[in-house]
Amino acid sequence: MPGETRRAVFAQPEWLRAVPTDRKLPREAEVVFTGCGTSFHAAQTGGRAVQALEAVLSPPRADIMVCVSHEGTTALTGEAERAFGGDVWLVTGTPDSELAERVDEVIVCTPELERSWCHTASYTCAVAAIEALNDEEIDWLPGAVEEALTADVLPFDQQRVLVLGAGRDRPTAQEAALKLREGAWVDATAYETEQFLHGHLAAVDEHVRAFVLEGEGRAEERAHDAVAQLRKLGCEATLLPRRHPVVDIVYFHLLTLALAEARGIDPDPIRRAPGSRWAEATGSPYPLA
């Protein structure tokens with residue numbers, strides 16, 4: 001069933017090799033990142049981040065705002081840029097947008113606009129571009145993703161899914177849950193690991209499938225505690241090692257593809273086929289071409 005989503009998932013090593021590394025954020029500058037949906041999850045990997053609507057309601061104080069928007073057309077991200085009033089950089093998939101025309105610096109992080117609305121490669125490329133802006137090495141990421149794409153990831157039967165992560169893994173957990181919801185129509189929810197352990201277990205039983213990102217340091221200890229508690233409740237729980245946000249999300253890309261194929265779902269339109277209730281509700285039917 002998957003078409004454009006599958007193509008993008010397996011194109012990631014090639015796309016990551018093309019991510020630009022020629023610009024760096026000024027070391028002395030106070031930077032805030034913003035975006036919506038998948039782009040906000042990518043924004044959170046860069047440091048201090050504020051969701052675009054929150055940035056409109058209360059513009060953050062910073063020297064530079066980095067907006068993340070694959071098409072450069074997200075309304076609230078554009079409003080956040082206008083409300084900020086200072087220097088704005090844009091991490092995007094195209095230089096041809098109204099937002100790109102208004103900002104001070106444009107970083108085009110993908111070789112083309114992703115056609116599937118279940119964004120995968122545009123997420124990992126945005127995270128890599130942000131890493132490069134923060135003066136981190138990214139040349140090893142394509143090879144690591146290539147290796148991650150060889151994993152044998154199997155579907156599951158449960159309809160309720162939990163994804164837990166803390167620290168740098170928290171955005172990965174959020175993006176993983178979103179991919180499962182968009183591409184496989186699974187009721188997936190992301191939680192910060194420690195927050196989940198305070199009361200949320202009451203709604204867990206053998207009908208829930210859980211994935212816990214291992215983290216490091218104290219977060220790793222709590223991840224192991226979470227897995228143990230989930231399993232005592234009869235929940236099938238998988239502890240996933242962490243390496244880097246770009247690499248760690250690939251498991252969930254493969255899982256989304258596996259679930260979509262097993263359930264006869266096309267993940268590309270994220271359920272917004274023309275004429276569907278989801279297209280009507282959002283006002284955005286998926287393009288046929």
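A pocket is here an open set of points, on a 1 Å grid over the protein atoms alone, with protein on both sides within 12 Å along at least five of seven lines, whereas a cavity is a set of points where a 1.4 Å probe fits but cannot get out; lining residues have an atom within 4 Å of a point. Grid points are joined across faces, edges and corners, and a volume is the space filled by probe spheres set on the points. The largest pocket is lined by 16 residues, and Trp117, His119, Glu182, Ile270 and Arg272 lie nearest its centre. Helices H2 and H8 (170-184) are the elements that give two or more residues to this lining, and H8 gives the most, with three. Helices (H or I, at least four residues) and strands (E, at least two) are DSSP runs, numbered from the N terminus. By class, the lining of the largest pocket has four nonpolar, eight polar and four charged residues, where Ala, Val, Leu, Ile, Met, Phe, Trp, Tyr, Cys and Pro count as nonpolar, Asp, Glu, Lys and Arg as charged, and the others, Gly among them, as polar.

The second largest pocket has a volume of about 270 Å³. Of its 13 lining residues, Ala148, Pro241, Arg243, Val247 and Asp248 lie nearest the centre. Two or more residues of this lining come from each of H7, H11 (245-248) and H12 (250-262), with H7 supplying the largest share, three residues. The lining of the second largest pocket divides into nine nonpolar, no polar and four charged residues.

Residues are numbered from 1 along each chain as its sequence is written. Local features of the predicted model need pLDDT of at least 70 and side-chain atom pairs count only at pLDDT 80 or more, while totals for chains, interfaces and linings use all residues; side-chain values use heavy atoms, with hydrogens and water left out.

The structure holds two cavities of 30 Å³ or more. The largest cavity has a volume of about 70 Å³ and is lined by 13 residues, of which Ser39, Val68, His70, Ser122 and Ala126 lie nearest its centre. Helix H2 (38-44), strand S4 (87-92) and helix H6 each supply at least two residues of this lining, which comprises six nonpolar, seven polar and no charged residues. The second largest cavity, with a volume of about 40 Å³, is lined by Pro20, Thr21, Asp22, Arg23, Ile107, Ala129, Ala132 and Leu133. H6 gives the most to the lining of the second largest cavity, with three residues.

The largest nonpolar core has 59 residues, and those with the most contacts inside it are Leu25, Val66, Val91, Val161, Phe252 and Leu255. Helix H6 (residues 121-133) gives the most to this core, with 10 residues. A nonpolar core is a set of buried Ala, Val, Leu, Ile, Met, Phe, Trp, Tyr and Cys residues joined through side-chain atoms within 4.5 Å. Buried means under 20% relative accessible area, exposed over 50%, and partly exposed in between (1.4 Å probe, protein chains only). Leaving aside neighbours within four places in sequence, Val66 is in contact (heavy atoms within 4.5 Å) with Leu25, Val31, Val32, Phe33, Thr34, Trp89 and Val91.

A search of the whole structure finds 23 salt bridges, each defined as a side-chain nitrogen of Lys or Arg within 4 Å of a carboxyl oxygen of Asp or Glu. Glu146 forms a salt bridge with Arg17, the closest N and O atoms being 3.3 Å apart. Glu146 lies in helix H7 (residues 141-148) and Arg17 in helix H1 (residues 4-17), so the pair ties together parts that are 129 residues apart in sequence. Glu146 is partly exposed, at 42% relative accessible area, whereas Arg17 counts as exposed, at 52%. In a further salt bridge, the closest N and O atoms of Lys24 and Asp135 are 3.9 Å apart. Because Lys24 lies in the loop between H1 and strand S1 (31-35) and Asp135 in the loop between H6 and H7, this pair ties together parts that are 111 residues apart in sequence. Glu4, Arg7, Glu112 and Arg115 are linked in a network of salt bridges.
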